[in-house]
Amino acid sequence: PNGTVAANGQVLTLLFRGKTPGTAQITLDPTKAEVYLNDGAGTKTTVTTSASTVTVRNQDSLAPRLASPSHPDESRWSPERTLTMSWQRHEGAFYSYALSREAAATLDDVAEQTDGSVSYPNLSDGVWYFTLKEKLGDDPWGPVATYRVMIDGTAPEPIEAAVIRDDPSRTWLLSFSAIDTTSGLAETIVVERRPRWSWFPFFMREDRTLTSTPYRLHDQHRLSELRIIVVDAAGNTRTLQLTDSRLTRQRWIVGLMFLAALLLSVLLVRRLRPRRALFLS
């Protein structure tokens, strides 16, 4: 949203899981990949693409089996910032392990005895890799096991939104912009909360719609409370309150008070008229 100026900026992240060992080439079709300038007209600009080669290997069967009670699924983002790793510890074995941003981090040969688990508190957002290797007695170090952890404990960026009038269709639309820089947005929900009956606005109904921008308002009279909720892939949420339906109730109460005052005035006039006639006679 609103464009960007960046060198080597990240636009899109694709996560692949290999089905079988082998080598594959990933390419973007330059005839379908499009980039537009932020010049007010969305002018299409030139795109240059290059291929990437991906190699999928089976994890060595002799490598330790890693598990994470705090982050049990390597392919899912989690808001939990404390990582706990565990593995089956063999009696008399030594271990070397590390937590790094790099999937192919090099482990040193410093042997450590552990109880088969380790924790890392207060990790920052992003993708982490836990690597571990095992040494049994006088044997050489065994193969390295790797476990990926994806952490996003930060809510999406503040939402920008506005209610606008679409002239061709003569309808009110909700236009909004929201981003999440770590795990990405998973869903956007627009909530319209309004009175069930306009003549008695104290019983409310709520419509929750999974949508994208622009969103056509159900209540074209614009008497509803409007709320936008965005949820990222880790489950973090950000909410923007646009309008409050209490204004509708306040207007109804003011109107009721006006009618009550008017009725009271009529009753007073009626009571005064007979007395005035009797006095004149």
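Analyst: Before the questions, two strands are said to pair if DSSP finds at least two bridges between them, while strands (E, at least two residues) and helices (H or I, at least four residues) are themselves DSSP runs, numbered from the N terminus. This is a predicted model, in which local features need pLDDT of at least 70 and side-chain atom pairs count only at pLDDT 80 or more, although totals for chains, interfaces and linings use all residues. Residues are numbered from 1 along each chain as its sequence is written, and side-chain values use heavy atoms, with hydrogens and water left out.

User: Over how many bridges do β13 and β16 pair?

Analyst: Three strands make up an open sheet with antiparallel pairing, in the order β12-β13-β16. Because β12 (160–166) and β16 (215–216) stand at the edges with a single partner strand each, one side of each has no neighbour in the sheet. Between β13 (residues 171–177) and β16, L173 stands opposite R216, and the number of antiparallel bridges joining these strands is two.

User: How many of the eight residues of β17 are buried?

Analyst: Strand β17 covers residues 225–232, and both of its faces are covered, with E225, R227, I229 and V231 buried on one side and L226, I228, V230 and D232 buried on the other. The strand is therefore largely enclosed by the rest of the structure, the number of buried residues among its eight being eight.

User: Which residue in the turn between β17 and β18 has a positive phi?

Analyst: Strand β18 (residues 237–241) runs antiparallel to β17, and five bridges join the two, with I229 standing opposite T239. The two strands form a hairpin with four residues between them, and the turn residue with a positive phi, of about 95°, is G235.

User: Which residues are joined with E225 into one network of salt bridges?

Analyst: Side chains of opposite charge can pair when their charged atoms come close. A salt bridge here needs a side-chain nitrogen of Lys or Arg within 4 Å of a carboxyl oxygen of Asp or Glu, and R227 and E225 meet in one at 3.1 Å, N to O. R227 counts as buried because its relative accessibility is 15%, and E225 is buried as well, at 9%. Salt bridges that share partners join E225 into one network with R193 and R227.

User: How many residues apart in sequence are the parts tied together by D125 and R81?

Analyst: The side chains of D125 and R81 form a salt bridge of 2.8 Å, N to O. D125 lies in the loop between β9 (117–120) and β10 (126–136), whereas R81 lies in the loop between β6 (77–78) and β7 (83–87), so the pair ties together parts whose separation in residues is 44.

User: In the salt bridge of K133 and D109, which residue is exposed?

Analyst: The side chains of K133 and D109 meet at 2.6 Å, N to O. This pair links distant parts of the chain, with K133 in strand β10 and D109 in the loop between β8 (93–100) and β9, 24 residues apart. K133 counts as buried because its relative accessibility is 8%, whereas a relative accessible area of 52% belongs to the exposed residue, D109.

User: What is the relative accessible area of V11?

Analyst: V11 is found in the segment before β1 (22–26). This residue counts as exposed because its relative accessible area is 82%.

Key
Buried means under 20% relative accessible area, exposed over 50%, partly exposed in between (1.4 Å probe, protein chains only).
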